[in-house]
Amino acid sequence: MAKNFAIPEGSGEAMEENLAANINYMVSHQLHNTVMNELSESYKAPGNCASLEVPTVNPMVWASMTPSMRAQEMKFQKVLKLFSAAVTAYGRQMENLEMEKIQKDTLGLLCNAFYEINCMRKVAIRPIFHPRFASLCQESG
């Protein structure tokens, strides 16, 4: 009966214990920078997936950013690079296969996370623009 109280509200069905332990560890510890860079380089965005390219800031805009905005932008780019590599690796694994619902859902969630982070970085940059040009940093697309 006590185990019923240990399940956080809104949790889904339990998964295999070893896999769950690995996931719990990995989401609470950072990869070594060398491993992170190697993985990111191993799974560069495909040439026909331009939307997976990590966006960069225009040099003139970069020069107008405060040091804290630059640091934040660099973090956004780092996370987007990891998501791009993850989507690419997953996509390569699924190439030429008939994807099942859970695989389509996984790809959709990964891509939406990339999209949402990219929207967040645009919103973070928007304050440096003259109001007339702020629409260049719309949350969408």
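How much space lies in the largest pocket? The largest pocket holds about 410 Å³. The structure is a predicted model, in which local features need pLDDT of at least 70 and side-chain atom pairs count only at pLDDT 80 or more, while totals for chains, interfaces and linings use all residues. Residues are numbered from 1 along each chain as its sequence is written, and side-chain values use heavy atoms, with hydrogens and water left out.

The protein chain contains five helices and zero strands, and its elements run α-α-α-α-α from the N terminus. Helices (H or I, at least four residues) and strands (E, at least two) are DSSP runs, numbered from the N terminus. Of the 141 residues, 21% count as buried. Here buried means under 20% relative accessible area, exposed means over 50%, and partly exposed lies in between (1.4 Å probe, protein chains only).

Rolling a probe the size of a water molecule over the atoms shows where empty space is left. On a 1 Å grid over the protein atoms alone, a pocket is an open set of points where a 1.4 Å probe fits, with protein on both sides within 12 Å along at least five of seven lines; lining residues have an atom within 4 Å of a point. Grid points are joined across faces, edges and corners, and a volume is the space filled by probe spheres set on the points. The lining of the largest pocket includes Met26, Leu31, Tyr43 and Phe83. Helix H2 (33-42) and helix H4 (67-94) each supply at least two lining residues, and H4 gives the most, with five. By type, the lining divides into 10 nonpolar residues, one polar and no charged. In this division Ala, Val, Leu, Ile, Met, Phe, Trp, Tyr, Cys and Pro count as nonpolar, Asp, Glu, Lys and Arg as charged, and the others, Gly among them, as polar.

Met26, one of the lining residues, is found in helix H1 (residues 17-28). Methionine 26 is exposed, because its relative accessible area is 55%. Tyrosine 115 lies in helix H5 (residues 101-125) and is partly exposed, at 34% relative accessibility.

Side chains of opposite charge can pair when their charged atoms come close. A salt bridge is a side-chain nitrogen of Lys or Arg within 4 Å of a carboxyl oxygen of Asp or Glu. By this rule the count is five salt bridges. In one of them, arginine 121 meets glutamate 73 at 2.9 Å, N to O. This pair links distant parts of the chain, since arginine 121 is in helix H5 and glutamate 73 in helix H4, 48 residues apart. Arginine 121 is buried at 5% relative accessibility, and glutamate 73 is buried at 1%.

Lysine 101 and aspartate 105 form another salt bridge, with their closest N and O atoms 2.7 Å apart. Because they are four residues apart in helix H5, about one helical turn separates lysine 101 from aspartate 105. Lysine 101 is exposed at 61%, whereas aspartate 105 is partly exposed at 33%. Elsewhere, salt bridges that share partners join Glu41, Lys44 and Lys81 into one network.
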